Amino acid sequence: TQYVYRFGGGVSDGGKGDKNLLGGKGANLAEMASIGLPVPPGFTIGTPMCAVYYDEGGAFPDSLKAEVANGIAHIEAVTGKRFGDAADPLLVSVRSGARASMPGMMDTVLNLGLNDQTVVGLATTSGDERFAWDSYRRFIQMYSDVVLELDHGAFEEALEIAKEDKGYFLDTDMTATDWKALVEKYKALVVEQWDKPFPQDVHDQLWGAVGAVFGSWQSERAKVYRRLNDIPSEWGTAVNVQAMVFGNMGDTSATGVAFTRDPSKGDNAYYGEFLINAQGEDVVAGIRTPQYLTLAAREAANAKPLSMEEALPEVYRELAGVFDTLEKHYRDMQDIEFTVERGKLWMLQTRSGKRTAKAALKIAVDMAEEGLITREEAIARVEPQALDQLLHPTLDPKAARDVLTRGLPASPGAASGKVVFDADTAEKRAAAGDAVILVRTETSPEDIHGMHAARGILTARGGMTSHAAVVARGMGRPCVSGAGSLSIDAKAKVMRCAGREVNEGDVITIDGASGEVMIGEVPTVQPELAGDFGTLMEWADGVRRLKVRANAETPLDAKTAREFGAEGIGLCRTEHMFFDAARITAVRQMILAEDEKGRRAALDKLLPEQRSDFVEIFEVMAGLPVTIRLLDPPLHEFLPHEEAEFAEVAAAAGVEVDYLKRRAAELHEFNPMLGHRGCRLGVTYPEIYEMQARAIFEAAVSLADAPIPEVMIPLVATKRELDLMKAVVDKAAEAVFAETGKRVDYLVGTMIELPRAALRAGEIAEVGEFFSFGTNDLTQTALGVSRDDAARFLQTYVEQGIYAKDPFVSLDVEGVGELIEIAAERGRKTRPDIKLGICGEHGGDPASIAFCEKVGLDYVSASPYRVPIARLAAAQAAL
Ligand code: ADP
Ligand code: MG
Ligand code: MG
């Protein structure tokens with residue numbers, strides 16, 4: 001097998017279609033080279049080597065040696081320099097690059113090939129001694145960190161001390177002699193920590209770095225990132241070895257990162273940052289605050305340092321041309337890394353840029369309107385889950401704000417929470433239910449878990465493309481970066497700004513859209529659903545087949561759902577209505593009653609309340625179907641559990657405390673999930689369902705434009721149960737129709753949430769006019785896993801690959817899915833026009849929605865805020 005693929009100098013052994021083999025970075029370097037863009041020559045060791053490397057226990061097969069030698073020869077031929085040549089050395093970077101981009105997660109080594117001899121050669125050929133020694137010290141520092149895994153703090157400290165001794169403020173103040181002296185210190189540090197001198201053989205350096213990059217695939221932070229982003233560990237990373245180009249060769253050299261459009265708002269304007277006389281990592285690491293790329297951006301920010309457009313106008317124009325070429329070629333917004341070496345532009349990376357949901361929407365809609373992509377492509381480009389960011393509240397513009405300071409608007413959305421100063425505390429506090437804002441001087445990949453746990457992220461340093469900003473946008477967390485006036489003391493757990501102090505646990509609010517940081521919690525307002533969002537939703541509605549309903553049980557939920565485009569209610573639970581403080585006493589009287597007569601007396605008190613619930617919901621949902629599920633939970637849920645409550649409840653219900661306790665004990669169940677609940681309540685106490693049905697029909701006949709009620713009987717296992725319950729509902733309907741002289745259309749159907757019901761769907765459909773797959777319970781009963789107890793082992797199950805994802809979040813398509821398929825098929829055989837829907841949590845999960853489309857269900861029902869996500873996912877499923 002071939003492992004090594006070349007690029008640059010007129011050769012491209014691969015291209016953008018080879019991401020699986022070459023990783024994203026390698027594939028795109030080859031592609032850029034093949035379309036004639038200036039790419040430093042190099043080669044990629046393909047991803048299959050990653051698995052081989054681990055199988056061999058961290059060693060490489062012999063055949064790779066010769067292939068790598070050929071790869072180096074290719075670079076030497078193109079550059080005319082030789083690797084390890086003391087007079088005119090070739091230097092390379094060794095870069096990771098997996099199939100999916102994992103920004104900053106894995107390791108890169110720059111300036112490899114420098115040693116005590118070649119550094120002298122580099123000084124001569126470049127005519128710049130300072131540059132040569134700066135590069136060498138960077139190399140030792142990076143190699144010691146990434147490959148030798150020495151304590152990098154010691155190296156940073158040595159640099160700080162060197163600067164302090166000279167009274168310097170910036171790295172750029174260091175002279176050639178200063179760097180030379182620092183190199184000696186660094187070499188001594190290596191001997192001290194590693195017991196061996198820094199490797200001088202350039203081939204040893206190369207293999208060390210290649211091994212370290214493959215090794216970084218299994219680093220803790222890479223694993224966490226993969227877990228959060230569903231990237232399989234089998235994919236592996238590729239390794240790219242590429243000729244170095246230098247952005248640190250003086251004032252006509254620079255390095256930068258750019259997006260072809262604004263990744264935060266989506267505007268069609270170049271967007272980026274650069275640093276003069278610097279190397280790549282400097283921009284991302286937030287060591288110096290970078291300068292703007294364009295004049296317009298600099299002016300908008302009212303910043304002083306010249307933009308690239310002003311400072312290096314010719315290269316800037318060439319770069320802008322490359323942006324346009326790349327965007328047309330890839331037909332997507334690109335995220336680009338470049339370096340300018342003494343006025344010559346070099347492209348180091350391109351990939352589809354990560355973007356906020358807002359930007360994703362705008363870019364997709366704009367590109368479709370520009371004719372760059374089709375409407376279908378636009379629909380497919382926006383990740384449904386990402387809409388979540390847009391569907392949540394933003395800061396109320398009218399609310400008072402106590403602004404502490406301002407940073408860069410790095411990732412939009414507003415978040416309030418308690419301040420924490422480290423990732424572990426963020427994780428702990430969030431697990432305990434606190435909303436937290438993670439505040440760091442700057443973030444690094446080790447902070448990922450804390451960023452994930454936090455509601456928002458605030459940093460004192462770093463630009464719009466800093467680690468914090470990129471990761472936050474990817475995760476959909478609001479982020480304000482580079483709030484330079486903050487002074488953060490993470491050890492003492494305090495930050496100071498403008499004479500004020502904020503301690504751990506104090507509440508702040510950040511606005512990732514404006515960059516403002518505020519003391520206290522600022523109220524929020526509902527999102528705006530027009531504009532690009534509305535346009536894309538309209539396109540999505542035009543292609544989807546599945547209807548989208550909402551799970552809603554209050555008029556407010558129903559209203560939200562309608563605003564979000566719900567086409568009906570797929571699940572209106574009725575038990576929550578019973579918990580209302582004003583009604584619970586009547587509910588308890590019903591439960592405590594000795595006989596039917598007592599129960600009916602209590603139910604009579606509930607009837608008008610229940611009727612008014614339905615009137616309100618029906619008014620909101622006028623003209624649309626509403627599925628109402630009759631009472632489902634075990635009755636003891638309505639009784640008190642705490643000793644202290646008994647006396648009060650007994651008094652309110654007009655019974656003795658002892659009696660109440662006895663009843664509560666009688667109702668206790670060992671496994672309530674499989675106990676006296678669902679239609680079992682209706683079978684034993686038909687008067688409960690009779691009252692609910694009466695409330696539904698009385699509400700419906702009272703309205704001019706009532707929805708079509710779909711009365712749903714829960715937890716049916718057998719046809720006979722449904723026979724009995726349907727008779728109760730029909731009788732109540734006829735009674736109401738007779739009393740009022742009005743009729744409405746209605747359906748009676750059932751939830752399919754027990755495996756037996758799924759299997760016997762053929763005969764159940766003789767009675768049931770619709771099925772709604774209650775996939776929460778169906779998952780519990782099919783897998784024999786209690787959702788409330790699953791937390792203890794489910795994560796291990798997912799890690800062990802027993803279930804690919806949490807089956808309560810994403811439908812277990814193989815098992816539960818097969819039950820659904822069977823039920824749908826058997827149900828339709830009996831009743832071809834049977835209405836089929838899904839109302840579990842899965843109704844808002846894109847992967848599960850794709851399955852519902854495949855099985856041909858009529859609708860999915862999701863929580864109100866997930867309705868737009870479901871609409872888009874349903875459209876994507878139909879494409
Ligand atoms: P990451 O995947 O973390 O972005 P990269 O492999 O892209 O890591 O490298 C990090 C930085 O190093 C890049 O921003 C780039 O500017 C710089 N770099 C990588 N290779 C070279 C090279 N051959 N010449 C100059 N700079 C390089
Ligand atoms: Mg990169
Ligand atoms: Mg259920």
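In this predicted model, Glu753 is placed in the loop that runs between strand 31 (747-752) and helix 29 (755-759). Together with Asp777, Glu753 carries the annotation "binding site" in an unreviewed UniProt entry.

**The annotated pair**

- According to the UniProt record, the "binding site" annotation covers Glu753 and Asp777. These residues are spread over 25 residues of sequence, yet they cluster in space, with a largest C-alpha distance of 5.4 Å.
- Glu753 has 27 other C-beta atoms within 10 Å. A residue counts as buried when 20 or more such atoms lie within that distance, and therefore Glu753 is buried.
- Asp777 is also classed as buried, because 21 other C-beta atoms lie within 10 Å.
- When neighbours within four places in sequence are left aside, the contacts of Glu753 are Leu715, Gly774, Asp777, Leu778 and Thr781.

**Helix 31**

- Asp777 belongs to helix 31, which comprises residues 775-783.
- Helix 31 is largely enclosed by the rest of the structure, because 7 of its 9 residues are buried.
- The buried residues of helix 31 are Thr775, Asp777, Leu778, Thr779, Gln780, Thr781 and Ala782.
- These buried residues pack against strand 31, helix 29, strand 32 (770-773), helix 33 (816-830) and strand 33 (835-838).

**The shell around ligand 1**

- Around ligand 1 there are 18 residues, of which Ser93, Arg95, Thr108, Gln242 and Gly280 come nearest.
- At least two residues of this shell are supplied by each of strand 6 (92-98), strand 7 (108-112), strand 8 (237-243), strand 12 (334-341) and strand 13 (344-352).
- Sorted by class, the shell consists of 7 nonpolar, 8 polar and 3 charged residues.

**Domains**

- The protein chain is divided into domain 1 (254-355), domain 2 (392-525) and domain 3 (531-634 + 679-878).
- The centres of domain 1 and domain 2, taken over C-alpha atoms, are separated by 26 Å.
- To the contact between these two domains, domain 1 contributes 11 residues and domain 2 contributes 15 residues.
- On the side of domain 1 that touches domain 2, there are 5 nonpolar, 3 polar and 3 charged residues.

How values were computed
Residues are numbered from 1 along each chain as its sequence is written. Chains are lettered from A and ligands numbered from 1 in the order in which they are written. This is a predicted model: local features need pLDDT of at least 70, side-chain atom pairs count only at pLDDT 80 or more; totals for chains, interfaces and linings use all residues. A residue is near a molecule or strand if its C-beta atom, placed from the backbone, lies within 6 Å of it. Helices (H or I, at least four residues) and strands (E, at least two) are DSSP runs, numbered from the N terminus. Ala, Val, Leu, Ile, Met, Phe, Trp, Tyr, Cys and Pro count as nonpolar, Asp, Glu, Lys and Arg as charged, and the others, Gly among them, as polar. Domain bounds come from an automatic or database domain assignment. Two residues are in contact if their C-beta atoms, placed from the backbone, lie within 7 Å. UniProt positions are given in the numbering used here, feature names are shortened, and annotations may be inferred rather than shown by experiment. A residue is buried if 20 or more other C-beta atoms lie within 10 Å of its own, exposed if 12 or fewer, and partly exposed in between; C-beta atoms are placed from the backbone.
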